[in-house]
Amino acid sequence: MNKKRFSVRAILITVVITFLLTGGLGIIAARCLLGPGGLAMLRGMYLIRERFVADYDPDAAVDQALAAMVYSLGDRWSAYLTADQCAALERSRTNAYVGIGIRYTECGDPVGMEIVDVLENSPAQEGGLEVGEVIVAVNGETFTEENFDELAASIGSAEGESATLTVADGSGKKRDVTLTLRRVEDPPVSYEMLAGHMGYVQIENFNQNAAASARSAVEELVEEGAEGLLFDVRGNPGGYVNELTDLLDYLLPEGPIFTDLSKNGPVKTVQSDANCVDLPMVVLIDGDSYSAAELFAAQLRESVDATLVGAQTCGKGYYQQGFRLPNGGELHISTGMYATGNGVSLIGTGLTPDYAVTRADSQLDKAVEVLGEKIKEG
C-alpha cells in the first residue's frame, strides 16, 4: 500500500493560502460592516498604539474619540458616557444613592453649599443639618469659587466613608458635624393637601418607583378628600417610559396614551384601561420639563382636558437607548421618537401652556387659581 506523504513546504503553503483567504474574507466582512470610515478609525487606533512615540492615555484617547463621534451627529440628546458616568447615571435612576442626604445650591456669601432640603432618615437629618444652613468647609478645607465642584465631590460616594462638615447658620455661627455616608432613599414624589381640597403632587422624575410613588400619593390625597389634582413636573428631566405609561394608565380613562416610533420596529401604541381617577387636573410645566414630563402633561391635556400652567417646554420628542461598550462606557443615542396616544409629536414645538406665567414664584398661585375654578365648574 502506498502512503501519501506531505512535505513541510506543502504544509506551509497550505497554511499561508488558508490565512490569506480567511483574512481576506474577514477584511471584506469588516469593510461591509464598518465601512471605510470604521476601518480608518481602527487603523488610526492601531497606528497610534504602535507608532506614536510619546506617552499617552489610551483610555482617554478612546473616550474622546467616541465622544467626538457622537457629537458629530448633531443630536443634543445623544451622548457618549464614560464608565464613571455610566455608574453615576445608574445610581441616579434608582432614586437612591450613597451620600449624606441633602439637596443644595451653590451660594456666594459665604461661598458654600446652601442646604435646600434634608432627606428623611438620612445622615444629614440625624446630624442635625437644617434647611438654610450653609456648608462652608469639608474636612477642614474652606470652599472657594475655584474649588467648589471639586470640594463638594470630595464629600464622597462610598458607603462607610466619613466627612466632617463645617456648617454656618443664619447668624454666621459655625459648628463641625461628622457624618458617615450610607444609602439614602431620594423619593421622586412629594405631595400635600392644599386649601380648597386640592391635592398637590410634585414629580421630580420618572425614574425607578416614580409611578408607584405618585399613585400612592394620589390615593392618599383622594382618601383625604381631594376634589382636584395639581401635578407639578417643573424641572422634571424625564426617565423611564414604563414609569410614565404606568402612571398614565392609572390616571386616565380607556384610550391610547403613548405612541412609540422606533427606527427598527413597528409603531406601537400603549392603551389605558377604563379604570381612572375622575377628578379635574392641572399640570405645572416649564422649560426644564423634558421627555416623559412633557408627554405626561401633553397626554393629560389630550385625554381629560387637563389645563397646563407655566412656561413653554423644549420639545424633546426623541428617546435614547444605552449600548454598553467593551471599555465599560456607553453610547447613549437616539433610536426612536415618541408621541401622544393620538400621534401628536412634540419635537421642535414642545408644549405651550394654556396659561403662560413667566415668573416661577407666581406659577403655583396661578395653577391653584385655575384648579379652583375647575373644581367649582364641577
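Two strands are taken as paired if DSSP finds at least two bridges between them, strands being DSSP runs of E with at least two residues and helices runs of H or I with at least four, numbered from the N terminus. The model is predicted, so that local features need pLDDT of at least 70 and side-chain atom pairs count only at pLDDT 80 or more, while totals for chains, interfaces and linings use all residues. Residues are numbered from 1 along each chain as its sequence is written, and side-chain values use heavy atoms, without hydrogens and water.

Six strands form an open sheet of mixed pairing in the order β10-β11-β12-β15-β16-β19. The edges are held by β10 (189-194) and β19 (355-356); each has a single partner strand, so one side of each lacks a neighbour in the sheet. Strand β10 runs antiparallel to β11 (residues 198-203), to which six bridges join it. Within this pair, V189 lies opposite I203 of β11.

Helix α6 (residues 210-223) packs on the sheet and touches β10, β11 and β12 (228-232), contact meaning heavy atoms within 4.5 Å. The direction of α6 makes about 15° with that of β10; axes are lines fitted to C-alpha atoms, for helices over the stretch in contact, and angles run from 0 to 180 degrees between N-to-C directions. Helix α9 (residues 360-377) lies across β10, β11, β12, β15 (281-285), β16 (307-310) and β19, at about 165° to β15.

The axes of helices α7 (residues 241-251) and α8 (residues 292-304) come within 10 Å and cross at roughly 20°. Residues L244, L247, L248 and L251 of α7 meet A292, L295, F296, Q299 and L300 of α8.
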